[in-house]
Amino acid sequence: MCQHRPQCPNALASDRMAARVAVSHPEQGWSLLCNGIVLFDDAGVLLPGSQTLVPRVIDRPAKAALRTAA
Ligand SMILES: [Zn+2]
């Protein structure tokens with residue numbers, strides 16, 4: 001998907017948020033990164049394959065931040 005050189009980090013890399021924005025819809029509150037991640041204005045993230053990363057809450061354990069959509 002990414003045409004940049006050097007290539008942007010893939011969606012599963014720890015630095016995945018460093019990928020460039022491919023499509024931006026600020027009026028709808030989301031952007032598509034070139035590695036396939038959909039980034040929402042509330043800091044929510046939709047990964048390719050239907051995984052979501054919910055916005056980080058300080059008092060929530062880190063394990064609860066990653067869940068898989070059914
Ligand atoms: Zn890229």
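Which segment does proline 6 lie in? Proline 6 lies in the segment before strand S1, residues 21-25. I start there because strands here are DSSP runs of E with at least two residues, numbered from the N terminus, and helices are runs of H or I with at least four.

Before going on, the ground rules. This is a predicted model, in which local features need pLDDT of at least 70, side-chain atom pairs count only at pLDDT 80 or more, and totals for chains, interfaces and linings use all residues. Residues are numbered from 1 along each chain as its sequence is written.

Back to proline 6. The peptide bond from arginine 5 to proline 6 is cis, with omega near -5 degrees. Most peptide bonds are trans, and most residues other than glycine have a negative phi.

Now the overall layout. The protein has zero helices and six strands, so the order from the N terminus is β-β-β-β-β-β.

On to the strand pairing. Two strands count as paired if DSSP finds at least two bridges between them. S1 and strand S2, residues 30-33, are antiparallel and share four bridges. Valine 21 sits opposite leucine 33 in S2, and histidine 25 sits opposite tryptophan 30 in S2. The hairpin of S1 and S2 has four residues between the strands, and glycine 29 there has a positive phi near 85 degrees.

S2 also runs antiparallel to S3, with three bridges joining them. One of the partners is valine 38 in S3, which bridges to leucine 32. S2 and S3 form a hairpin with four residues between them, and glycine 36 in the turn has a positive phi of about 95 degrees.

Next, burial. A residue is buried with 20 or more other C-beta atoms within 10 Å of its own, exposed with 12 or fewer, and partly exposed in between, with C-beta atoms placed from the backbone. Buried residues are 9% of the 70 residues in the protein.

What makes up the largest nonpolar core? Five residues do: Cys8, Ala19, Leu33, Ile37 and Leu39. A nonpolar core here means a set of buried Ala, Val, Leu, Ile, Met, Phe, Trp, Tyr and Cys residues joined through C-beta atoms within 7 Å.

Leaving aside neighbours within four places in sequence, alanine 19 contacts Cys2, Cys8, Pro9, Leu33, Cys34, Asn35 and Ile37. Of the contacts in the protein between residues at least 6 apart in sequence, 19% join residues at least 24 apart.

Alanine 43 is in the loop between strand S3 (38-40) and strand S4 (45-46). Its phi is near 80 degrees, a positive value in a residue other than glycine. Why does alanine 43 count as exposed? Because alanine 43 has 10 C-beta neighbours inside 10 Å.

Leucine 47 is in the loop between S4 and strand S5 (51-53). Leucine 47 counts as partly exposed because it has 18 C-beta neighbours inside 10 Å. Not counting residues up to four places away in sequence, leucine 47 touches Ala11, Ile37 and Leu53. Leucine 47 and arginine 16 are 31 residues apart in sequence and 9.9 Å apart in space, C-alpha to C-alpha.

Key. Contact = placed C-beta atoms within 7 Å.
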